[in-house]
Amino acid sequence: MDMEIISQLILAAFLGALIGLEREIKRKEAGLQTYSLVALGTCLFTIISFELFNLFLFKSGLSFDPSRIIQAIAIGIGFIGAGVIFRQPSGIIGLTTAAGLWTTAAIGIAVGVKLYFLAFFTTFLALFILAGFGLLEEKFFKE
């Protein structure tokens, strides 16, 4: 079981790094390290919450719901996201970074609950959105 958990953590960090690499290429402040750490941390929180759930499963008088940890992650990442959004005279910056961090957190959670296909698919969909739609925006919507 320990090797499986280590593999989950490595996978989460790797998937986060893929998204972070795209952000590094675009020279964004939150990049490889930030996205890797968000995915790694959320995966770890998720694994811990399910391990605690299993630990308390047959204890009488105790109630433990791992979904509360996932809810707390979503709220916490929202605070991080809010910290990267800024209003500039040229417009609002950091909104895509915030959304990317939020999505990366969800990927970490998916790995933590062993929904590997969902995590991979979401990672590549996020990369398509960031890279592909980014090119479309630059070509058709930027001055």
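Let me start at Thr-42, which touches Ile-73, Thr-104, Ala-105, Gly-108 and Ile-109, where contact means heavy atoms within 4.5 Å and residues up to four places away in sequence are not counted. Thr-42 sits in helix H2, residues 32-56, and at 4% relative accessibility Thr-42 counts as buried; by buried I mean under 20% relative accessible area, by exposed over 50%, and by partly exposed anything in between, computed with a 1.4 Å probe on protein chains only.

Before I go on, a word on what we are looking at: this is a predicted model, in which local features need pLDDT of at least 70 and side-chain atom pairs count only at pLDDT 80 or more, while totals for chains, interfaces and linings use all residues. Residues are numbered from 1 along each chain as its sequence is written, and side-chain values use heavy atoms, with hydrogens and water left out.

As for the overall picture, the secondary structure of the protein comes to five helices and two strands, and from the N terminus on the order is α-α-α-β-β-α-α. Helices here are DSSP runs of H or I with at least four residues, strands are runs of E with at least two, and both are numbered from the N terminus. The C-alpha trace spans about 65 × 30 × 20 Å along its principal axes, and of the 143 residues 32% count as buried. Among the contacts with a separation of 6 or more, 65% come from residues 24 or more positions apart.

Now back to H2, and to its packing against helix H3, residues 67-83: the two pack at an angle of about 160 degrees, with their axes 9 Å apart. The axes are lines fitted to C-alpha atoms, for helices over the stretch in contact, and the angles run from 0 to 180 degrees between N-to-C directions. H2 and H3 are therefore roughly antiparallel to each other, given that angles under 35 degrees count as roughly parallel, over 145 as roughly antiparallel, 65 to 115 as roughly perpendicular and the rest as oblique. On the H2 side the contact includes Thr-42 again, together with Val-38, Phe-45, Thr-46, Ser-49 and Phe-50, and these meet Ile-69, Ile-70, Ile-73 and Ile-77 in H3. The residues of this contact divide into seven nonpolar, three polar and no charged, where Ala, Val, Leu, Ile, Met, Phe, Trp, Tyr, Cys and Pro count as nonpolar, Asp, Glu, Lys and Arg as charged, and the others, Gly among them, as polar.

H2 also packs against H1, and there the axes come within 6 Å and cross at roughly 150 degrees, which makes H1 roughly antiparallel to H2. The H1 residues in this contact include Ala-12, Ala-13, Gly-16, Ala-17 and Gly-20, and those of H2 include Tyr-35, Ala-39, Cys-43 and Ile-47. The residues of the contact of H1 with H2 divide into 14 nonpolar, four polar and three charged.

Let me turn to the charged side chains. How many salt bridges does a search of the whole structure find? The search finds three, a salt bridge being a side-chain nitrogen of Lys or Arg within 4 Å of a carboxyl oxygen of Asp or Glu. Glu-22, Arg-23 and Lys-26 are linked in a network: Glu-22 meets Arg-23 at 3.3 Å, N to O, and Lys-26 at 3.0 Å between the closest N and O atoms. Arg-23 and Glu-22 are both buried, Glu-22 at 8% relative accessibility, whereas Lys-26 is partly exposed at 29%.

The remaining pair is Lys-114 with Glu-4, at 3.4 Å, N to O. Lys-114 lies in the loop between helix H4 (95-112) and helix H5 (116-141), and Glu-4 in helix H1 (residues 2-25), so the pair ties together parts that are 110 residues apart in sequence. Lys-114 is partly exposed at 43% relative accessibility, and Glu-4 is likewise partly exposed, at 35%.

Finally, the backbone. Most residues other than glycine have a negative phi. Phi of Lys-114, however, is near 70 degrees, a positive value, and Arg-27, which is not a glycine either, has a positive phi of about 60 degrees. Arg-27 is found in the loop between H1 and H2, and with a relative accessible area of 75% Arg-27 is exposed.
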